[in-house]
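Open your viewer and keep the selection tool at hand. This tour goes stop by stop.

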Amino acid sequence: KVIGETIEDKKIKVTLNECYVDSGKLMFTTNLNSLERHDQAQGIDEAKIYVNGQFLDIYDNEYTETSIYNDDGTVDLLSSISLENIDTDKDLNITIDYNEITVMN
């Protein structure tokens, strides 16, 4: 999906708000909204990230994820992953697969 577009599955809305490369890292911000389910989305389990078709294992590439709990009941995730073996001097085709989302009742 395009940055800023929202996708929804099982009454959880996921919006990729930002995606950029800085200092050899891919950084992205995601908003999770599960208010219709009457629970709170907490985070993404094992996001699958591809750059130019190359899979970046989150365990091997310094992946970090920080959660910000918003007053409106949504959660913003600030994520980053190292692009150590990726040529960042050219255009990048980035795919982020939000496969599983953790929720808390």
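Predicted model: local features only at pLDDT ≥ 70, side-chain atom pairs only at ≥ 80, totals over all residues.

Residues are numbered from 1 along each chain as its sequence is written, and side-chain values use heavy atoms, with hydrogens and water left out.

**Stop 1: the core.** Select Phe 28, Ile 49, Leu 56, Tyr 63, Ile 81 and Tyr 98. They have the most contacts inside the largest nonpolar core, which has 21 residues. (Such a core is a set of buried Ala, Val, Leu, Ile, Met, Phe, Trp, Tyr and Cys residues joined through side-chain atoms within 4.5 Å; buried means under 20% relative accessible area, exposed over 50%, partly exposed in between, with a 1.4 Å probe and protein chains only.) Strands supplying at least two core residues each include β3 (25-33) and β8 (75-82). (Strands are DSSP E runs of at least two residues, numbered from the N terminus.)

**Stop 2: β5.** Color Ile 49 and Val 51: they make the covered face. Lys 48 and Tyr 50 make the uncovered one. Now show β9 (residues 94-97), antiparallel to β5 and joined to it by 4 bridges. (Strands pair if DSSP finds at least two bridges between them.) Val 51 stands opposite Ile 94. On to β6, where Leu 56 is the bridge partner of Ile 49. The β5-β6 hairpin has 2 residues between its strands, and Asn 52 in the turn has a positive phi of about 55°.

**Stop 3: Lys 25.** Find this residue in β3. Is Lys 25 buried, partly exposed or exposed? Partly exposed, because its relative accessibility is 26%. Its contacts (heavy atoms within 4.5 Å), leaving aside neighbours within four places in sequence, include Tyr 20, Glu 62 and Leu 83.
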